[in-house]
Amino acid sequence: MRCKYGVFICFGSFLFLIGCATQLPVQKQDKPGDVYREYIGSLSNSSDEDLLVKYWSHARVAEGMDVLTDDSEDNKLNKNAIVFSIRFPNEMKNILSMEQNIKGNTACLLVTGATDTEKKLMINIPYLLEDNTWKINEVFIKYLEDDQPVPTKPDCTMEIP
Amino acid sequence: MASDIKLKITIAKLIELSIDENKSVAMKIVRSKGNFRVTVDQDGNAKLTGKAGIIAFNGNPVLEELGAAVKYISISFGGNDNGTVKYTGSFKVGFATLVVSGSFDIEKLVLGCSGILCVAARALKDRSRVLRDRELQGIMQ
């Protein structure tokens, strides 16, 4: 009987060692909430271009960089729109809560808070995992009425009215 | 001015522009008990749609006041209860979608349209804009 258990233990140890040998090294990866906090901290001392490249998805960088670097009068309103998008956290003066959902290479971060006029607002941010870093792909900002409850669950599928 | 207030004033002005385009049909639409909708594309082509008809109008004068390019605007109105209309507006600006909602007294809003042009439409052309913006801010809750 002792011999029988010994075989099982040896076999189990063998599988464990094989498992350890084939497992890929785990890298520490910040979650979208961590990346968002870093993003807020970078707003005041980073250019629009730097913020776009470091924190936004490849698709948004491709779309936005040409607009940001075109200083012509005709492009002024387009550029303002991209700058507003990049500096969207400025809409929220106080953060009340942050919740995130991560599914594979996509995530949704919900940030709730208030504007500088004490208006409640929620921001849902879809993130994409690109180059092992969470990148912002879009932003949904909703200003809440006084009688509207503050959501607690991230929802990046906001429907257009 | 906070972004949400700016967006609400934009919604009021779009209604006023539609009234200036076709007062009789626009009044029927906005005073009806049914739902109605305003949409604007990135070129400023705007539409007021309701059971009483459709009005196409130029939304550019209002879009220019926002100070940033808008890819589209979609506003749904409904629940006309004793003249109080509820609305939810969605504005796509760059990579961001901004949503505001609230309610307003339709009669207070159209009161500014008793002349040939609505007050907001006139104000787009003169210096009384700031004054009218303040009035609209009070109407759009």
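1. Val40(B) has Ile73(B), in β4(B), as its bridge partner. The model is a predicted one.

2. β4(B) also pairs with strand β5 of chain B, residues 84-93. Eight bridges join them, and the direction is again antiparallel. One of the pairings is between Ser74(B) and Ser90(B), the latter in β5(B). The two strands form a hairpin with two residues between them. In that turn, Asn82(B) has a positive phi of about 55°. As background for reading such strands, side chains in a regular strand alternate between the two faces of the sheet.

3. On the disulfide: how many are there over all chains? The count comes to one. Cys108(A) and Cys156(A) form this disulfide, with their sulfur atoms 2.0 Å apart. A disulfide is a covalent bond between the sulfur atoms of two cysteines.

4. Two further details concern this pair. The torsion about the S-S bond of Cys108(A) and Cys156(A) is about 90°, so the disulfide is right-handed. Cys108(A) has a relative accessible area of 8% and therefore counts as buried, the cut-off being under 20%.

5. Lys135(A) deserves a look. Lys135(A) lies in strand β4 of chain A, residues 133-136. Although Lys135(A) is buried, Lys135(A) has no salt bridge. The nearest side chain of opposite charge is that of Asp131(A), 5.0 Å away; a salt bridge would need the atoms within 4 Å.

6. What is Lys135(A) in contact with, leaving aside its neighbours within four places in sequence? The list includes the residues Val53(A), Lys54(A), Tyr55(A), Trp56(A) and Ser57(A). Also in contact with Lys135(A) are Pro126(A), Tyr127(A), Leu128(A) and Glu130(A).

7. The last point is the interface of the two chains. Chain A contributes 26 residues to the contact and chain B contributes 28 residues. The area buried between chain A and chain B is about 2200 Å². Carbon and sulfur atoms give 62% of that area.

8. Three salt bridges are found across the interface of chain A and chain B. Among them is the one between Lys71(B) and Glu63(A), whose closest N and O atoms are 3.2 Å apart.

Key: Residues numbered from 1 in each chain as written. Chains lettered and ligands numbered in written order. Predicted model: local features only at pLDDT ≥ 70, side-chain atom pairs only at ≥ 80, totals over all residues. Heavy atoms only, no water. Pairing = 2+ DSSP bridges. Helix = DSSP H or I, 4+ residues; strand = E, 2+ residues; numbered from the N terminus. Buried < 20%, exposed > 50% of the residue type's maximum accessible area, 1.4 Å probe, protein only. Lys, Arg positive; Asp, Glu negative; His and termini not counted. Contact = heavy atoms within 4.5 Å. Disulfide = S-S within 2.5 Å. Buried area = accessible area lost by both parts, 1.4 Å probe.
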